[in-house]
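Thanks for coming. I have one structure to go through today, and I will start with a question about it.

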2 protein chains.
Amino acid sequence: MGTSGAIHVRLSSVTGMRVLAFTDGTLADPDAAHIRVNDLGLLRGDGIFETILVVDGRPRELWPHLDRLARSASMLELPEPDGPTWERLSHKVIETWVERGGPAEFGLKLVYTRGLEGDPAAAPTGFALGFEIDEKVIRARTEGVAAITLDRGVDTGLAERAPWLLLGAKSLSYAVNMAAGREAARRGASDVIFLAGDGSVLEGPTSTVVIARGRTLYTPPATIGILPGTTQAGLFRGAERAGWSTKIEPLRVEDLRTADGVFLASSARKVTRVHTLDGEALKDSTTVHAEIAQAYESVYS
Amino acid sequence: MGTSGAIHVRLSSVTGMRVLAFTDGTLADPDAAHIRVNDLGLLRGDGIFETILVVDGRPRELWPHLDRLARSASMLELPEPDGPTWERLSHKVIETWVERGGPAEFGLKLVYTRGLEGDPAAAPTGFALGFEIDEKVIRARTEGVAAITLDRGVDTGLAERAPWLLLGAKSLSYAVNMAAGREAARRGASDVIFLAGDGSVLEGPTSTVVIARGRTLYTPPATIGILPGTTQAGLFRGAERAGWSTKIEPLRVEDLRTADGVFLASSARKVTRVHTLDGEALKDSTTVHAEIAQAYESVYS
């Protein structure tokens, strides 16, 4: 009866630097296996995550990310994540990244799962993974992207009415978000804006939608069942300081087509301009983008 | 700079026997770590699965399960799983289970993920895990369950209109299915029947809904965005041989309340009777249940 623990694990060919640490504070080899097959994060997508941008050794919006992690945990009824533990863990990865001379800018993913299935004393699995940001994502910050709109199949009252649907939780169950990205590629685009059945603007699969009209930035309210954006919040703070007004209010798909600028905000994207929507060129927002991108950066300088 | 691969992995207290094998045919220790943190099955719930019932060394509906795995793979645009490989793998786990003298009845889970994020040559991760079926699930086969109805927030035309929502794919993104189970527990029930917004009956979070009316069994069509049931299909074959009629047609929530019997079918549940729905006792279906449960068993004897 031959049992073997490791011979099925093939050699990694993942590119770029990565730094991995677990919630107990230990650093670990990101190319080794650390997760068991019956981890509920794997078997059921039953866990949550955050992705944080780190620039020159400083994490952006660390506590808003940790607060959102706690909000997602509450929605999934996971044990409350201990903020200071995750803060220490984040800094451990960041310090190690800097010591090892990694690129000045990187992504820090925090992952927290329900732990092992069938274990009556199941404790959550938690780790932080530093990784290099995809070159395509970095390029899109200056070049902009073509996006498509896709029906998300929900209405904007559903989140409140049906909390078991976990709308607005950043769970590991992201297969639909990934499928939306493939649908965009099939249509010659590289990103997606989800709409509710009534044409309300929701969010991107991994980003927050922001539009500019005159000197005002708009984003839809999280209460319609979307994730409250950490990068969007940073952008709004910066824009206000630079003299913009900001409004959180429902947007409709028509608002995207008539706006002075449509943007996708996320940790990795920062503020990325949408230049084409559903195959049609939007108003040129190069100048608006340059201004609000600078306002966003100014928050962290 | 201390790195360690394993010290954060605590000792397992998972109960019951388990047998694990990977798609390359190797047996592995189910209590060891085999999955990397950047497996997309974990990070994005980006993968698929099947759960097969094995009784006395014989898998039930093995090929319908493998066909459904291929159908899910196609919906998620994963490489087509090689049927004979998964068949061999299943038999490897089953033979090992029998050799080791495990319980006569067990569950066999097949898991297939997109593999490693950031790996340009990413190959899928695939494994089969034999596990003991939860005693509560076995008890419910004779005692029945209380269930609640929950809004799934979709309409029945959505699956066809919006394939990127992966409705009817058995993906690893099951956080909502798990949340529905917690909502049931909160309401003093142990299972759920999902409804569309218009009151159409969809499915359970991990089961197919079947109702009896006179000498006819009914289940809703998979085209409304639900999983085609393998156990339900076996049940229908058995029931037809025993003189029942079977119909695949849309059901409404009212049909549940007026039926001669409401049942949840799945590999682990077999055919489990719902005795209470949303807190109200349903018509006593003990006799009907005994008859169709026997018809189901007869298919495999």
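Which residue stands opposite Lys270(A) in E13(A)? It is Ser266(A). Before going on, note that this is a predicted model.

Strand E13 of chain A covers residues 270-277, and seven of its eight residues are buried, so the strand is largely enclosed by the rest of the structure. Lys270(A) is found in this strand. Is Lys270(A) buried or exposed? Lys270(A) is buried, because its relative accessible area is 13% and the cut-off for buried is under 20%. Its phi is near 55°, a positive value in a residue other than glycine. As background, most residues other than glycine have a negative phi.

Now the partners of E13(A). Strand E12, residues 261-266 of chain A, pairs with E13(A) in the antiparallel sense over four bridges. A hairpin of three residues joins E12(A) to E13(A). Strand E7, residues 145-151 of chain A, pairs with E13(A) in the parallel sense, over three bridges. There, Ala147(A) has Leu277(A) as its bridge partner in E13(A). Finally, strand E14, residues 280-281 of chain A, runs antiparallel to E13(A) and is joined to it by two bridges. Thr276(A) has Ala281(A) as its bridge partner in E14(A). The hairpin of E13(A) and E14(A) has two residues between the strands, and in it Asp278(A) takes a positive phi near 50°.

Glu77(A) has a phi near 55° and is not a glycine. Glu77(A) is found in the loop between helix H2 (62-75) and helix H3 (83-99) of chain A. With a relative accessible area of 37%, Glu77(A) is partly exposed.

Over to chain B for a loop residue. Ser207(B) lies between strand E8 (191-195) and strand E9 (208-213) of that chain. Ser207(B) is buried, at 7% relative accessible area. Which residues is Ser207(B) in contact with, leaving aside its neighbours within four places in sequence? They are Leu264(B), Ala265(B), Ser266(B) and Arg269(B).

Last, the nonpolar cores. The largest has 94 residues, and Leu108(A) and Leu108(B) have the most contacts inside it. A second, separate core has 29 residues, including Val111(A), Phe127(A), Tyr174(A) and Leu42(B). Going back to Leu108(A), and leaving aside neighbours within four places in sequence, its contacts include Ile52(A), Val54(A), Val93(A), Ile94(A), Leu129(A) and Phe131(A). Glu50(A), Thr51(A) and Ser90(A) are also among them.

Key: Residues numbered from 1 in each chain as written. Chains lettered and ligands numbered in written order. Predicted model: local features only at pLDDT ≥ 70, side-chain atom pairs only at ≥ 80, totals over all residues. Heavy atoms only, no water. Core = buried A, V, L, I, M, F, W, Y, C linked by side-chain atoms within 4.5 Å. Buried < 20%, exposed > 50% of the residue type's maximum accessible area, 1.4 Å probe, protein only. Contact = heavy atoms within 4.5 Å. Pairing = 2+ DSSP bridges.
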